[in-house]
Amino acid sequence: MTDSLSIRDNRTGRDYEIAITDGTIRAADLKQIALDGEPGLATYDPGFVNTASCRSAITYIDGDAGVLEYRGYPIEQLAESSSYLEVAYLLLNGELPTSDELAGWTHEVTHHTFLHENLKQFIQGFRYDAHPMGMLMASVSALSTYYPDAREIADPENRRLQITRLVAKMPTLGAFAYRHGQGKPYVYPDNDLSYTANFLAMLFKMSEQKYNADERLIKALEVLFILHADHEQNCSTNAVRSVGSSQVDPYSAVAAGIGALYGPLHGGANEAVLKMLRRIGTVGEFIEGVKAGKEKLMGFGHRVYKNYDPRATIIKKACDDVFAVTGVNPLLKIAMELEKIALEDEYFISRKLYPNVDFYSGLIYEALQFPPEMFTVLFAIPRTSGWLAQWQELLMDKDQKIARPKQIYTGARTRDFIPIEKR
Ligand code: CMC
């Protein structure tokens, strides 16, 4: 068997041999297939449904088998035995850290958690009801003005510093955005605490000397952070890579990723799931509405997973641990009823629609007393390590160029300008 594709262009009768590598053909190889004097053949793929945009060694997904691995390690094992910072190190460096490496990385992240005081004032400038994702996106973008050296993206030491800063400061920015919406004073980082315990303290501490969150909640948040750390070429990662391909600083690239994640079809789905569960009257009636195309069952369906989302299975288990501390979320009953009906219904079965990561995460976040607007922030914080691993890989990849898709132009051509009084 030859690893090539034979193509006959029936318009010209010419034959072409195109190399197949890693199950793909290079779109640029199609350019040679052309009518005389015309541009060569291109592919049309809105939403990148069958186009690989890069080669990557970070995250592996087999959507049909429900497999998710970071650097070859199954997500189930990482969720069970690892910590978020260990997973972030793995994503960023390719290997699990030794205990010295983990201690060093943890120390560095812990000592970059504080923000410049001016940035606090910047966040205070938002209206009382500003969406925390909007605040997060703007304040990450603002960080680029505090660290102009971040433009030195070709310097590995410099990249490492900015990566550490971003991973370290995201929880602080997220917590400040939350406290702003609550009208509560911002809480500074506590460097004695772990990454997730410190985040919970910055969110919920009031007058107590030390805020010690329940260990079971800290563990549940670690698991959620691990599950959300990376997911190969999803919409926000693609945004980070696309913006990063212009060689801008990483704060600006990550701000673009936050913007992409904000949307209800992506990370914003967990907020949308909760709002949906709150307004459902009768489950059966609601499902009929979905099937009639009136709305989507948020938290269901995935571009890649067509069997089940392995993250949803782990989250469902984490629900039990959290509810043991907080009491069962009454919306769980509605969610389970919805899931049961949907999994037996031909509409969902034929379209391979199963619960995704967002279907249950919202219930946990609500049990932890987050308002729905905060849910996507809780996704953006851990995804930052994945975005940065992908950004770094992009910069190291000699195949990569500035992202610049083609278009099929469908508009008018070469018209004479019409003066306004004649239109
Ligand atoms: N409820 C009802 N119908 C659906 C849903 C849904 N949640 N998702 C897809 N469909 C239908 C869709 O209408 C289409 O039907 P038809 O063939 O009759 O036109 C069919 O299923 C195929 O859907 P698609 O829109 O072509 O699939 P896609 O791969 O482009 O979209 C998706 C994937 C995740 C955007 C979509 O399933 C969706 O909108 N789900 C709800 C939002 C959601 O939960 N998003 C979180 C994704 S997981 C976390 C993350 O990555 O951020």
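Me: In this predicted model, which kind of ligand atom lies 2.9 Å from a backbone N or O atom of Phe300?

Reply: It is a nitrogen atom of the ligand that lies 2.9 Å from that backbone atom of Phe300, and such a pair is read as a polar contact (N or O atoms within 3.5 Å). An oxygen atom of the ligand is 2.8 Å from a polar backbone atom of Gly299, while a polar side-chain atom of Asn356 lies 2.9 Å from a ligand oxygen. Taken alone the ligand exposes 950 Å², of which the protein buries 72% (Shrake-Rupley areas, 1.4 Å probe). The model is predicted, with pLDDT of at least 70 needed for local features and 80 or more for side-chain atom pairs, whereas totals for chains, interfaces and linings use all residues. Residues are numbered from 1 along each chain, and side-chain values use heavy atoms, without hydrogens and water.

Me: Which residues come nearest to the ligand?

Reply: Of the 20 residues around the ligand (a heavy atom within 4 Å), His266, Lys296, Leu297, Gly299 and Arg303 come nearest. By class, this shell has ten nonpolar, six polar and four charged residues, with Gly counted as polar.

Me: In what order do the three strands of the open sheet stand?

Reply: Strands of a sheet pair through backbone hydrogen bonds, either parallel or antiparallel. Here the order is β3-β4-β5, with antiparallel pairing (at least two DSSP bridges per pair; strands are E runs of at least two residues). The edge strands, each pairing on one side only, are β3 (59-62) and β5 (73-74). Four bridges join β3 to β4 (residues 67-70), and Ile61 stands opposite Leu68 in β4.

Technical notes: A polar contact is a pair of N or O atoms within 3.5 Å; within protein, one must be able to donate a hydrogen and the other to accept it, and residues adjacent in sequence count only if both atoms are side-chain atoms.
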